[in-house]
Amino acid sequence: MSYSITLVTLDGNKIQFNCEPSQTVQDAAENAGFFPPAICKMGSCGSCLAVCDTGDYELKNYSEGLLPSETEESKAVLLCRTYPQSDLMIHAPYNSDRIQNHQKTPRDATIIEIKVLAERTMSLVLQLSEDEEQGLGFDFEAGQFVELEREDLNLKRAYSIANTANWEGRLEFLIRLQDQGKFSQFLKDQAAVGQALKVHGPSGTFGLQGQSLNPRCFIAGGTGLAPFLSILRRMAEWGEDHPTQLFLGVNNEAEIFCHQELKDLQQSLSKLEVTICVWKPSDKWEWFRGTPADALGVYLKQTDVLPDIYLCGPPRLVEITTEMVLEQGINAENIYCERFG
Amino acid sequence: MFCYQCDQTTRSENGDGCSTEKGVCGKDATTSDLQDLLVYAIKGIAQYGKRARDLGKTDKKADEFILYGLFTTLTNVNFNAHRFVELIHEAIEIRERVKTLYETVATEQGQAIEVLKGSASFIPASSQDDLLIQAQWGAILRGQDIVGDDIIGLRAMMIYGLKGTAAYAYHAFVLGYEDDVIYAGIEKALDFLSTDPTDADALLTGNMDIGTVNLKVMELLDAANTGNFGVQEPAQARITPIKGKAILISGHDLKDLHELLEQTKDKGINIYTHGEMLPAHAYPILRSYSHLVGNYGGAWQNQNKEFADFPGPILMTSNCLIEPTAAYKQRIFTAGPVGWQGVRHLENHDFSPLIKIASAMLGFKTDEAEKTVTVGFGRHAVLGVADKVIDAVKSGAIKHFFLIGGCDGAAPGRNYYTELAEKTPDDSIILTLGCGKYRFHEQDFGNIGGIPRLLDIGQCNDTYSAIQIASALADAFECEVNELPLSFMISWFEQKAVAVLLTLLSLGIRGIHLGPSIPAFITPSVLAILVDKFDLKANGDPAEDLAAALKKAA
């Protein structure tokens with residue numbers, strides 16, 4: 001027997017499909033031709049997080065950090081680990097346009113630029129090859145990510161896109177070099193202009209909640225700036241000059257990057273304010289000393305209108321900031337997060 | 001939110017209207033409430049505008065804003081909440097300017113200055129939450145508990161008719177045509193509505209007055225279209241694609257199409273029309289561009305599939321936008337009053353982003369076998385063969401005329417129009433207009449003595465042509481239009497159609513069949529009045545309606 005699954009997206013649209021009790025909701029959706037955002041499909045990344053408010057289900061084999069026991073009451077589920085035991089009504093925290101209706105074929109790309117931007121931070125630019133259907137086009141929403149793959153080295157890693165959708169086939173990334181990261185090692189030691197990569201996606205639900213009229217606060221930890229750069233560039237290109245605060249956190253001055261890009265964006269976006277937060281600055285640092293969460297806390301104390309909060313950065317930054325803004329009276333539904341490891 | 005301005009509004013035993021977080025059209029509650037508030041703010045401009053005009057002073061920019069602002073609130077035009085916040089604030093700036101104009105001229109002329117309240121003194125709040133609380137002042141149902149559904153419905157019909165009228169007037173405006181009589185009529189109606197009228201007779205008269213203004217507007221738009229692009233001529237419009245790079249343009253705005261054709265000249269990009277843009281192929285100046293190669297797809301409600309399949313960028317120029325899917329959201333653009341959050345809006349006819357995308361995309365890979373439809377039977381073409389038509393009527397070769405036209409939509413009941421057209425007898429002529437024609441326009445209806453049985457008059461605003469044709473026939477036969485063997489089978493969807501309906505009623509045309517359903521804002525009591533005064537009919541069984549129509553007019 002199979003159960004009927006109804007997935008309701010943030011914009012009120014519904015998709016329906018059947019799911020066997022032995023099948024995950026994610027798999028069943030994909031079998032039915034819908035591709036809700038999901039990366040690892042192993043219960044580890046949290047990209048398929050949703051809320052199942054009607055029906056019985058079992059959650060198997062997932063990272064407990066993603067669904068701590070206190071979230072049980074909230075009925076949070078990971079679609080890739082949810083096995084139905086009755087018909088289910090599931091609410092997804094993204095709009096229907098984030099659900100693809102076909103599996104996208106990976107695109108071929110070539111590295112056309114790779115450079116060190118700051119301490120432990122690199123910029124990578126890819127040129128896509130022409131696709132039979134889309135030409136050089138590559139559709140994505142600002143805030144989404146792709147997975148970059150080097151098949152021969154068995155390397156695959158997800159990175160947010162830092163530029164906006166375009167028809168020249170250009171994709172820009174900001175990459176944090178992790179000590180133990182295999183892709184980081186590859187970029188540092190082997191990658192060179194002219195080398196080929198595969199691009200999977202786009203995926204992800206992170207992005208602007210465009211219809212909200214609240215001011216926007218973007219909190220970026222390091223290269224968590226990438227999706228915000230994409231969003232801000234799109235706002236500039238689209239002429240959407242909305243009150244926006246950007247808090248960019250780095251460990252020390254040597255890690256500061258994209259300063260000039262942000263200044264340029266402020267030329268187009270008159271209501272954009274940028275605060276660079278240095279956690280362990282030298283004595284010479286004259287600007288904000290502390291984490292972006294600290295800077296956001298200062299801002300929230302002096303503002304009358306509560307903003308929407310967008311977070312992208314290491315899990316710890318996301319957790320601390322979320323706790324802090326909830327304490328400040330911001331509703332959970334006005335907080336949007338993207339975590340990276 | 002509460003909205004029942006279009007045909008697809010939620011219908012239920014507990015009352016009709018969209019009142020949840022999102023309307024059937026895809027408009028969310030915030031946007032809907034802000035649209036109501038914008039209309040409220042625009043009433044404030046009109047209150048002062050009317051008084052200044054009465055004293056001989058006008059503000060052209062304010063007149064333009066009233067048209068544009070009302071147009072943005074039509075069904076399937078603008079879904080961008082941010083845009084409405086901007087427009088509300090802009091409306092207040094303009095109102096203050098017009099207020100100063102009025103007070104200055106009143107002082108100069110020694111007149112007492114009226115102190116106006118309500119929308120005339122509305123100050124928008126700065127926060128989202130407060131603004132949405134204020135939106136109740138502009139809510140369609142405001143005062144329902146006191147005045148009842150009939151008065152609310154009559155007010156709503158007026159405001160919706162005004163929206164349609166303003167939209168048509170804006171189309172004419174962008175083509176360089178305007179008329180103070182129209183601005184005065186719109187301001188007068190808005191000023192009347194700002195008093196929250198409760199007299200049903202006065203509201204009915206107000207509705208008929210809007211119909212009269214809209215007739216003037218459609219006449220002006222007819223002049224604007226023919227003045228800019230020549231007189232519509234019968235022509236074949238290709239409806240199958242040809243190999244090559246492509247741009248699709250939809251909506252009603254022929255000026256946008258003209259600009260696009262100019263900017264894409266000699267660039268190796270083919271331009272396709274969509275939806276209500278189809279009649280463009282009948283205008284000589286537009287047709288003279290060889291890269292205007294055809295029409296792609298059907299009526300607006302199919303756009304999710306058609307736009308996704310179209311291998312190039314898309315420009316939506318006026319009403320009829322529905323929520324773009326991920327498949328084409330990055331390559332659809334809006335212009336003029338249209339908007340969707342996250343969809344790129346193009347200003348000042350700069351279509352270079354479209355050209356860039358069209359060049360990057362591969363376009364249609366092959367030629368499809370050629371198929372065409374005939375367009376271009378506007379009033380000039382039909383009246384050009386008036387003698388033949390009159391002779392055919394006199395000889396009995398033509399026994400009846402049907403005007404089957406208006407909007408199309410997704411409702412299953414709209415098959416009525418296909419069935420109706422198919423069942424019309426061979427000795428009848430079908431005049432059609434609007435996107436309702438997509439239900440049957442590819443069929444071969446044959447001809448009567450060389451006159452095609454299906455005559456496509458054009459866009460919905462070309463109802464003006466239909467009225468002219470009907471008047472000419474009435475003159476030729478020395479009778480009233482109501483005495484002609486002519487049946488109006490009108491399909492409505494949104495507020496332009498409300499304006500057209502009010503125009504037809506204001507002309508005293510009786511026996512109009514209105515479908516696929518009676519508007520939710522026309523209450524049973526108001527419908528009874530319209531039936532009594534105008535013999536307005538709801539759709540029934542197509543065959544029975546057809547038989548009744550033929551019998552009555554015979």
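Domain bounds here come from an automatic or database domain assignment. Keep that in mind as you look around, and remember that this is a predicted model.

**Stop 1: chain A, domain by domain.** Colour chain A in three pieces: domain 1 (3-98), domain 2 (107-203) and domain 3 (216-339). Taken over C-alpha atoms, the centres of domain 1 of chain A and domain 2 of chain A are 29 Å apart.

**Stop 2: a sheet in chain A.** Now select the strands β11-β10-β13-β8-β9-β12 of chain A; in that order, these 6 strands make up an open sheet with antiparallel pairing. At its edges you'll find β11 (155-160) and β12 (170-176) of chain A, each of which pairs on one side only. Look at how the strands sit against each other: ignoring direction, neighbours are turned by 35 degrees on average.

Next, pick helix α2 (residues 182-190) of chain A, which packs on this sheet. Which strands does helix α2 of chain A touch? The helix touches β8 (107-118), β9 (121-128), β10, β11 and β12 of chain A, and its direction makes about 90 degrees with that of β11(A).

Zoom in on strand β10 (residues 145-150) of chain A, which runs antiparallel to β11(A) and is joined to it by 6 bridges. To see one of them, select F145(A), whose bridge partner in β11(A) is S160(A).

**Stop 3: two cis peptide bonds.** Go to G201(A) and P202(A): the peptide bond between them is cis, with omega about 10 degrees. P202(A) belongs to strand β13 (residues 196-203) of chain A. Then hop over to chain B, where a cis peptide bond links G515(B) and P516(B), with omega about 0 degrees. P516(B) sits in the loop between β15 (513-515) and α17 (524-534) of chain B.

**Stop 4: positive phi in chain B.** Select D266(B), a non-glycine residue with a positive phi, near 60 degrees. You'll find D266(B) in the loop between α8 (254-263) and β3 (269-273) of chain B. Is D266(B) buried or exposed? It counts as exposed because it has 7 C-beta neighbours inside 10 Å, and the cut-off for exposed is 12 or fewer.

E478(B) isn't a glycine either, and its phi is positive at about 50 degrees. Look for E478(B) in the loop between α15 (463-476) and β14 (486-491) of chain B. With 7 other C-beta atoms within 10 Å, E478(B) is exposed.

**Stop 5: where the chains meet.** Finally, show both chains: 20 residues of chain A are in contact with 22 residues of chain B. On the chain A side, that's 6 nonpolar, 9 polar and 5 charged residues.

Methods:
Residues numbered from 1 in each chain as written. Chains lettered and ligands numbered in written order. Predicted model: local features only at pLDDT ≥ 70, side-chain atom pairs only at ≥ 80, totals over all residues. Contact = placed C-beta atoms within 7 Å. Nonpolar A, V, L, I, M, F, W, Y, C, P; charged D, E, K, R; others polar. Helix = DSSP H or I, 4+ residues; strand = E, 2+ residues; numbered from the N terminus. Buried ≥ 20, exposed ≤ 12 C-beta atoms within 10 Å, placed from the backbone. Pairing = 2+ DSSP bridges. Axes fitted to C-alpha atoms, helices over the stretch in contact; angles between N-to-C directions.
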